[in-house]
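This briefing covers confidence, nonpolar cores and cavities. Please consult the sequence and the structure shown here alongside the notes.

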Amino acid sequence: MSRRVVRQSKFRHIFGQPLKADQMYEDIRVSKVTWDSSFCAVNPKFVAIIVESSGGGAFMVLPLHKTGRVDKNYPMVSGHTAPVLDIDWCPHNDNVIASASDDTTVMVWQIPDYTPIRSITEPIVTLEGHSKRVGIVLWHPTARNILLSAGSDNLINIWNVGTGEALITLDDMHPDLIYNVCWNHNGSLICTTCKDKKIRIIDPRKQEAVAEKFAPHDGMRPMRAIFTRDGNIFTTGFSRMSQRELGLWDPTNFEEPIALQEMDTSNGILLPFYDADSNIVYLCGKGDSSIRYFEITDEAPYVHYLSTYSSKEPQRGMGFMPKRGLDVSKCEIARFFKLHERKCEPIAMTVPRKSDLFQDDLYPDTPGPEPALEAEEWISGKDADPILVSLRDGYVPVKNRELKVTKKNILDNKPPTAPRRSFSSSDANFNQKVSLEDLVEEMRMLQVTVRVQGKRISELENKLSQLTNGTD
């Protein structure tokens, strides 16, 4: 009898642990809209959550440190006229977030480092190019200001947010609803899953499908597909018997899977969250109460089950922290933000180590906040890998950098629907020219003006009521 040798892996003992109750975000009315996005986006500064809102669509942005009970009057980001379906933080500016909505628009927002007094209702730019709801929004991994959106009109638009222009429209690639889109590591290709049961690998600048695969999973339920760091495709879907499956595919030879595994018979769609540094994929099913994680390697069976984090409460959505937002001193290699019905619960994934020293085998250099390309370089055909940073001394988020939108903004071509601040070159250099004292002084002056005007309005209202009472 030969003894079974246990596969060696430094990630075999990863364990998940929820943070203490006082480090959760409570009293949040998480959106109940039926859409298969994660409803939560996080970065090293903020956590953003799509919430229930009357008369339009809104999401909430909380600084990471603002844990505990959230005030019911906490300011929202609320410019959409219908529910928000997806949100995504810009990887190159921690204060910029994009939102996609049922109202057919994509909006890009600048979030201040301080907590605003009122809800933010004016986006930096509104991107209008879809005729139906927009359910997917996704920033380019290496090029500045490049944003992808996909809608129920079966269109994919790729925008230059800096000018508000649609650079590329893929309008004849998908005959049916697009389930998900993913960029590869340098943003030269995208992979998509569609209701027609096909996975497509698309070169967006050439506007052509490089490879496609029909029915990698036989079931009719929605699929998900993501690129791995090696350029392979990891998929989740359903078998003909409605069993959940995962697969690994080589897009240069789509005939046979590298790996195909059945999981269970639950009916929630498995959302894959992938960490390219460790080659670990975490699977979170909507409505599940567990997170399963697998390591992808070059050895059979190629997708290795590691472990499961289990809890009692089902998840309504999930946020996934970029590597630079983790606590390296505690050997944390992933952090999830699990959405419950009324709260958001951070869950830390940790590799147990005895030493307190920096574990460089767990933390290779990881993509930092600097873009490798400008939008114009990318659209002209250039590619570049992400600019990497070391996490040896921990990562300190950079100060708020204002997103510059030039005059070529499409918003200038039509009359604005509400008073809108116009952009100029002087605005573009806003941060550099205005000191903190000037800002505080200007805010104080505006507050005085508001108080004076409020007093005057109440005086006029009193006079008006006296006059109407007199005529009665």
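**Briefing on the model**

Ala334 is found in strand E29, a strand being a DSSP run (E) of at least two residues, numbered from the N terminus. The structure is a predicted model, in which local features need pLDDT of at least 70, side-chain atom pairs count only at pLDDT 80 or more, and totals for chains, interfaces and linings use all residues. Residues are numbered from 1 along each chain as its sequence is written, and side-chain values use heavy atoms, with hydrogens and water left out.

**Confidence**

- The average pLDDT (the predictor's confidence in each residue, from 0 to 100) is 89 for the chain, and 91% of the residues score at least 70.
- Residues 409-433 have a pLDDT below 50, yet this stretch has 34 contacts in the model beyond near neighbours in sequence; a contact means heavy atoms within 4.5 Å.

**Nonpolar cores**

- A nonpolar core is a set of buried Ala, Val, Leu, Ile, Met, Phe, Trp, Tyr and Cys residues joined through side-chain atoms within 4.5 Å, where buried means under 20% relative accessible area (1.4 Å probe, protein chains only).
- The largest nonpolar core has 38 residues, of which Ile28, Val47, Ile49, Phe59, Ile111 and Phe337 touch the most other members.
- Strands E3 (40-42), E4 (46-51), E5 (57-63), E8 (84-89), E10 (105-110) and E29 (332-339) each supply at least two residues of this core, and the largest share, 6 residues, comes from E4.
- Another core, of 27 residues, lies apart from it and includes Val328, Ala334, Ile347 and Phe358.

**Surroundings of Ala334**

- Ala334 is buried, with a relative accessible area of 1%.
- Leaving aside residues up to four places away in sequence, Ala334 touches Tyr282, Phe320, Leu326, Ile347, Ala348 and Met349.
- Ala334 and Tyr274 are 60 residues apart along the chain, and their C-alpha atoms are separated by 9.9 Å.

**Cavities**

- There are 5 cavities of 30 Å³ or more; a cavity is a set of points on a 1 Å grid over the protein atoms alone where a 1.4 Å probe fits but cannot get out, and its lining residues have an atom within 4 Å of a point.
- The largest cavity holds about 90 Å³ of space, and among its 14 lining residues Val61, Tyr74, Ile111, Pro116 and Ile120 lie nearest its centre.
- The second largest cavity has a volume of about 60 Å³, a volume being the space filled by probe spheres set on the points, which are joined across faces, edges and corners.
- Residues lining the second largest cavity include Tyr179, Cys194, His217 and Arg221.

Technical notes:
1 Å grid on protein atoms, 1.4 Å probe; cavity = no way out; pocket = protein on both sides within 12 Å on 5 of 7 lines; lining within 4 Å. Buried < 20%, exposed > 50% of the residue type's maximum accessible area, 1.4 Å probe, protein only. Helix = DSSP H or I, 4+ residues; strand = E, 2+ residues; numbered from the N terminus.
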